[in-house]
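Please open the model in your viewer and keep a selection tool at hand. The stops below say what to select next and what is there.

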Amino acid sequence: MFYDHHFIGMHWIWWIIIIAIILLVVFNVIPYRPTTDGGEDAIDILKKRFARGEIEREEFEERKKILKQNK
């Protein structure tokens, strides 16, 4: 019906749609990937809380003992 004219430029529309989908995936998925930085472990957080005075020595020692048992 349209012989070799590819629907009069329709192939360009398909390339634009494919590139748009790729760009949407790249720019919408990459920022939401979870980061795997080391971060702080529980002992470090516990030490900081003790240093700020949020918890007493007894509570610090008890929680530290529990955390070391779970490792």
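A salt bridge here is a side-chain nitrogen of Lys or Arg within 4 Å of a carboxyl oxygen of Asp or Glu, and the structure holds four of them. This is a predicted model, in which local features need pLDDT of at least 70 and side-chain atom pairs count only at pLDDT 80 or more, while totals for chains, interfaces and linings use all residues. Residues are numbered from 1 along each chain as its sequence is written, and side-chain values use heavy atoms, with hydrogens and water left out.

**Colour by confidence**

Begin by colouring the chain by pLDDT, the predictor's confidence in each residue, from 0 to 100. The protein chain has a mean pLDDT of 81, and 72% of its residues reach 70 or more. Confidence is lowest in helix α1 (residues 6–29), at a mean of 80, and highest in α2, at 93; helices here are DSSP runs (H or I, at least four residues), numbered from the N terminus. Where pLDDT is low, the predicted coordinates should not be read in detail.

**Select residues 42–52 and 57–70**

These selections are helix α2 and helix α3, whose axes come within 10 Å and cross at roughly 180°. The axes are lines fitted to C-alpha atoms over the stretch in contact, with angles running from 0 to 180 degrees between N-to-C directions. The two helices, α2 and α3, are therefore roughly antiparallel to each other, a term for angles over 145 degrees.

Now show the side chains at the contact (heavy atoms within 4.5 Å). From α2 come Ala42, Ile43, Leu46, Lys47, Arg49 and Phe50, and from α3 come Arg57, Phe60, Arg63, Lys64 and Leu67. By class, this contact has six nonpolar, no polar and five charged residues, where Ala, Val, Leu, Ile, Met, Phe, Trp, Tyr, Cys and Pro count as nonpolar, Asp, Glu, Lys and Arg as charged, and the others, Gly among them, as polar.

**Select Glu54**

Which residues does Glu54 pair with in salt bridges? One partner is Arg49, at 3.0 Å from N to O, and another is Arg52, with the closest N and O atoms 2.9 Å apart. Glu54 is partly exposed at 45% relative accessibility (buried means under 20% relative accessible area, exposed over 50%, partly exposed in between, with a 1.4 Å probe and protein chains only). Arg49 is also partly exposed, at 26%, whereas Arg52 is exposed, at 56%.

**Finish at Glu61**

Glu61 forms a salt bridge with Arg57, the closest N and O atoms being 3.7 Å apart. Both residues, Glu61 and Arg57, lie in helix α3, four residues apart, about one turn of the helix. Glu61 is partly exposed, with a relative accessible area of 34%.

Definitions and conventions: Angles under 35 degrees count as roughly parallel, over 145 as roughly antiparallel, 65 to 115 as roughly perpendicular and the rest as oblique.
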